[in-house]
Structures are given as C-alpha cells and as structure tokens.
Amino acid sequence: MGHHRYLAVSAVSEIVCIEPNPYLQKRLRAAARAVVEERRARRGPPLTVRVYAGTLCEYADEETLVEFDAVVCVLVLCSVTRLGAELAAAVRLLKAGGALYYVEHVGAESGPARRALLRAVQPLWSLLGGG
C-alpha cells in the first residue's frame, strides 16, 4: 500500500479506507488486495480491508455506528471542499481516546517568488494530483 503500508501491522485486524478520488480508489483497492494476500501468505492474523468511495462526511452521514481506534488522513484533506466538516466527521468516528493522524503537503511560507510559483502551477497540480 505504498505509504499506507504502516497500517498493515499484525495488530490491525480491519482497515476501512475512504477515498474521494475515483482513480485513487482503483489503486487503493489493488493495494488493499495485495496487503491482505501478503498477510495471508505470511500466515498472519486475518485482515479485512474495505474501500469506500466518497468522503468522511458521506461515510459518517450514513448513520454509521462504527467507531475507530484511529483515523488516518494521508494527502487527502487538500482535495475536500469542506475541510472543517471532514475533520469534525473524523473526530466523530473516533472511539474515546482514539487518535487522528494526518499527513499533508503545504505551500511555502517564505519568499514571494516561491509562493508565486506555487500559485502558478496550482491549477495543473490540482488536475494531475486529483485535487
């Protein structure tokens, strides 16, 4: 699962993936199958991976009573339209004492030239990067 591989440690029995980008959903499903097969080949404990299309808000709005030990957002928060609502949904889906982890890229803080460059390439970057 690339940079998601750390989620497949042997103590994890279930992974629920929620991905808004249709292209990345296909890649995520393929990676999930590979991780499950790898776990099976190593005769590790069973692992279930489910991939849902959409956003955390859409998943949480389905009156889901599931609570998670952890919610991990990797390079996706930049592509959602309602960031505050997505983060609120993530917190709502956590068990008491659960953890929210996220990895995101950010724009340059210093240097007007660097910021101008980032703004100039942003439309193309959004098109190629899915958001």
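These legends walk through several close-up views of a predicted model.

The model is predicted, with local features shown only at pLDDT of at least 70, side-chain atom pairs counted only at pLDDT 80 or more, and totals for chains, interfaces and linings using all residues. Residues are numbered from 1 along each chain as its sequence is written, and side-chain values use heavy atoms, with hydrogens and water left out.

**View 1. Strand 3, helix 3 and strand 4 form a right-handed β-α-β unit.** Helices (H or I, at least four residues) and strands (E, at least two) are DSSP runs, numbered from the N terminus. "Right-handed" here means that, with the strands pointing away from the viewer, the path from the first strand over the helix to the second runs clockwise. Strands 3 and 4 pair up in the parallel sense, over six bridges; two strands count as paired if DSSP finds at least two bridges between them. Take cysteine 73: its bridge partner in strand 4 is tyrosine 102.

View 2. Tyrosine 102 sits in strand 4 (residues 94-103) and counts as exposed because its relative accessibility is 56%. For these labels, buried is under 20% relative accessible area, exposed is over 50%, and partly exposed is in between (1.4 Å probe, protein chains only).

**View 3. Arginine 50 and glutamate 14 form a salt bridge.** Their closest N and O atoms are 2.4 Å apart. Arginine 50 lies in strand 2 and glutamate 14 in strand 1 (residues 14-19), so the pair ties together parts that are 36 residues apart in sequence. A salt bridge is a side-chain nitrogen of Lys or Arg within 4 Å of a carboxyl oxygen of Asp or Glu, and by that rule the count is four. Both partners are partly exposed: arginine 50 at 27%, glutamate 14 at 41%.

**View 4. Threonine 48 meets a stretch of chain that includes Glu14.** Threonine 48 is in strand 2 and touches Ser13, Glu14 and Ile15, leaving aside residues up to four places away in sequence. Contact means heavy atoms within 4.5 Å. Threonine 48 and serine 13 are 35 residues apart in sequence, yet their C-alpha atoms are 6.3 Å apart.

**View 5. Aspartate 69 and lysine 95 meet in another salt bridge.** The N to O distance is 3.2 Å. This pair links distant parts of the chain, with aspartate 69 in strand 3 and lysine 95 in strand 4, 26 residues apart. Aspartate 69 is exposed at 56%, while lysine 95 is partly exposed at 36%.

**View 6. Arginine 43 and leucine 75 each have a positive phi.** Most residues other than glycine have a negative phi. Arginine 43, with phi near 60°, lies in the loop between helix 1 (22-41) and strand 2 (48-53). Leucine 75, at about 50°, is in the loop between strand 3 (68-74) and helix 3 (83-92). Arginine 43 is exposed at 79% relative accessibility, and leucine 75 is partly exposed at 41%.
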